[in-house]
Amino acid sequence: MATASELRPRPAGLDALGAAAVASVAAALLLVFFVAREADVTMGGQLQRIFYFHVPSAWIAYLSFAIVFLASIAYLRTGAGRWDLLAHAAAEIGIVFTTLVLITGPIWARPVWGTWWQWDARLTSTLVLWLTYIGYLFLRSLASDEATVGRLAAVVGIVGFLDVPIVHFSVQWWRTLHPSGPTVANPTTGSGLGTPELTAFFASLLAFTLLFCWLLSLRLRIGRLAQRVELEEIERAAAETR
Amino acid sequence: MTKTMWLAAKDLRIEMRARDTLAPMLGFAATVALVLAFALPEASSAGDDVVSYVQAGFMWVTVLFAGLIGFGRTFEVERAEGALDSLLLVPVDRSALFVSKALSNLAFIVVLETVLLPLSALLFAYDLGGSWGALVAVVALVDVGFVAVGTLYAALAAQTRSRELLLPLLALPALIPVFIAALELTADLLLGAGFDALAARGWFGILVAFDVVFVTAGAVLFDAVLD
Amino acid sequence: MRFGRTVALDGIELTLEEGITGLFGPNGSGKSTLLRAVAGLVRPSQGRITFEGAPVAAADEGWRRLVGYAGHESGLYPNLTVSENLELFGRLYGSNPARPASLLSQLGLEGRSKTLAGELSAGLKRRAAVARALVGEPRLLLLDEPYANLDDDSAALVTEALVAWREPGRSALIATHGARKLKAFADAGVILRRGRIVTQGRYRDSSQQRRPFHETATP
């Protein structure tokens, strides 16, 4: 009978992915700070560079929650634990990236708009998204019964994601009816973005994507190991009662 | 004195182990703050109409919270005496169960609103502009979406610890579109808009889309929630 | 069958034939778990249930229609009267409208038919629960301790109701501590111990057509 101490060492592929992620982040940082030109003062000058991280974080966050959505559906259809694990992992990592978006946004906003927070469409939708998946994680930790956690979480994973476009659209519509403060144009598009800037942007996007894949793989590995340990403990307990 | 402190310490220690009260409370507070942020508009954006927006906000916040507490209760009904087990064994489609629960919840909400709306109009001197038809349309569309999400999530939360905190925590972010639409349309009504003006605002489309999506989702997913 | 780290049922292979089978065993032997698993209230970690050769699952409405179950709790709505409860479940199971009334009299509940189910004494709740399980004329009846809290007269009523319900094509699995009461009229018996079947056998020979009901559950 395998013991918990015989855990497989990290596969080489995973470490390579990690190295690639770190390298691409370093490259992106270089490009963002030294290759992309400084933006207009109205856009925040040097501070505008934060958008090279803000926007990719947002895209990756949405990607994560799309994964939660699909994995939740797969789990409800097949009942296979690996989909539940994927949904859980993607939700956790998605929250991390969403939090990054919510932090980088106000950091930029404060000097440029003079206020930490604006109820603009994108930030508000991101906040709703964040709260939805915080709720998802709370649900997972508060379920009374191990067996039902996956099912209940999957329902929230599905409903939450279906809500996202509706929330986004309604907040946007609400905002156009009640404009306040400076109008928020996306500072990374439409204002003279040349090749150096685009290169920096895509480098950053690549870096974040690799980072996401690496973190997700690590989290999945941890989850699988935890399941193995639990299974072995159950088998040990069962053997004792015989 | 020390005995009191010991007892208080006991509660704190239990919470540190169980972690099912303080953290959800914070989450709940965050979602409430979000909802209220929509209900209380910045004075600059609303101008003189701010009073109408605040009135609409009060009304719908009340319905929202009373409704959610009520929905939570309707699943308590099943817990006593193991009636839920009997219900699950009955040869009835789960979607039908969802619709039955949603209908009874809808009835509760309608009764609530029937009492609340005239009462608020009286106490706070609302002027609903005589466009009762439009008001009914708005309330009907909002209620359907509210009840669909509320029923589904109430059944879900009933199977967890801290269900009184978890239900609003989950439902409020999901209900943001309905809430915004309700606020906007009601505020417009209070400002004297008629049915056509309301329809032109575009909120009906969002409400209908929301209702369709979530009634369907509820009917389909209720199976997964109950099992 | 496992709950977390507890193994409740282990290697159960059971063929239920027509008639009434008693399920005996000490506390904690897994009787309730077995009944709940067969009813479909819990999913076995491993195993299948087949009825007349075809696999069935709790998700099939057609299958649920054939099963009657009464667990430790009464399974009745406390704020509805006994008649209202029976009528509700009668309708949901699509049974004959006269059935609730006939069950009320069979189980001696007519006097209390207008009482709220939550206000009944323990013994009356038990009888009402059995009535609810029988209201759909189930082909598979699962009862967990139907004789608990019953005096001899009430117990006799339950026995009569069960005997009246017993027909070709119907099977029952009844868990009880009162083995003697059940053995007087049961057709077969199964003894569980620590989640395993220790003995099983028929008390009566039946030459009628066999309708096997088969469950296999492995750890």
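This is a predicted model: local features need pLDDT of at least 70, side-chain atom pairs count only at pLDDT 80 or more; totals for chains, interfaces and linings use all residues.
Which hand does the crossing of α4(A) and α2(B) have, left or right? The crossing is left-handed.

1. Start with α4(A) and helix α2 of chain B, residues 22–39. Their axes come within 11 Å. They cross at roughly 155°. Angles over 145 degrees count as roughly antiparallel, and α4(A) and α2(B) are therefore roughly antiparallel to each other.

2. **Who makes that contact.** On the α4(A) side, look for A:Leu127, A:Val128, A:Leu131, A:Ile134, A:Gly135, A:Phe138 and A:Leu142. On the α2(B) side, look for B:Pro24, B:Gly27, B:Ala30, B:Thr31 and B:Leu34. Sorted by class, this contact of α4(A) with α2(B) has nine nonpolar and three polar residues. It has no charged residues.

3. Now step back to the two whole chains. Chain A puts 34 residues in contact with 36 residues of chain B. Two elements of chain A give two or more residues each to its side: α4 (121–142) and α5 (146–177). The largest share comes from α5(A), with 18 residues. By class, the chain A side has 24 nonpolar residues, eight polar ones and two charged ones.

4. **Chain B as a whole.** Chain B has 10 helices and zero strands. Read from the N terminus, its elements run α-α-α-α-α-α-α-α-α-α. The C-alpha trace spans about 60 × 55 × 25 Å along its principal axes. Chain B has 227 residues, and 42% of them count as buried. Take the contacts in chain B with a separation of 6 or more: 83% of them join residues 24 or more positions apart.

5. Check B:Arg19. Its phi is positive, about 50°, although the residue is not a glycine. B:Arg19 sits in the loop between α1 (2–18) and α2 of chain B.

6. Turn to chain C. Here six strands form an open sheet, in the order β7-β8-β9-β4-β10-β11. The pairing is mixed. At the edges stand β7 (67–70) and β11 (196–202) of chain C, each pairing on one side only. From one strand to the next, the twist averages 15°.

7. Strands β8 (residues 140–144) and β9 (residues 171–175) of chain C pair in the parallel sense, over five bridges.

8. **A positive phi in chain C.** Finish at C:Glu137. This residue is not a glycine, yet its phi is positive, at about 50°. C:Glu137 is found in the loop between α5 and β8 of chain C. How many C-beta neighbours does C:Glu137 have inside 10 Å? The count is 18, so C:Glu137 counts as partly exposed. A residue counts as buried at 20 or more.

Definitions and conventions: Residues are numbered from 1 along each chain as its sequence is written. Chains are lettered from A and ligands numbered from 1 in the order in which they are written. Two residues are in contact if their C-beta atoms, placed from the backbone, lie within 7 Å. Helices (H or I, at least four residues) and strands (E, at least two) are DSSP runs, numbered from the N terminus. Ala, Val, Leu, Ile, Met, Phe, Trp, Tyr, Cys and Pro count as nonpolar, Asp, Glu, Lys and Arg as charged, and the others, Gly among them, as polar. Two strands pair if DSSP finds at least two bridges between them. Axes are lines fitted to C-alpha atoms, for helices over the stretch in contact, and angles run from 0 to 180 degrees between N-to-C directions. Angles under 35 degrees count as roughly parallel, over 145 as roughly antiparallel, 65 to 115 as roughly perpendicular and the rest as oblique. A crossing is left-handed if the near helix is turned anticlockwise from the far one by less than a right angle, and right-handed if clockwise. A residue is buried if 20 or more other C-beta atoms lie within 10 Å of its own, exposed if 12 or fewer, and partly exposed in between; C-beta atoms are placed from the backbone.
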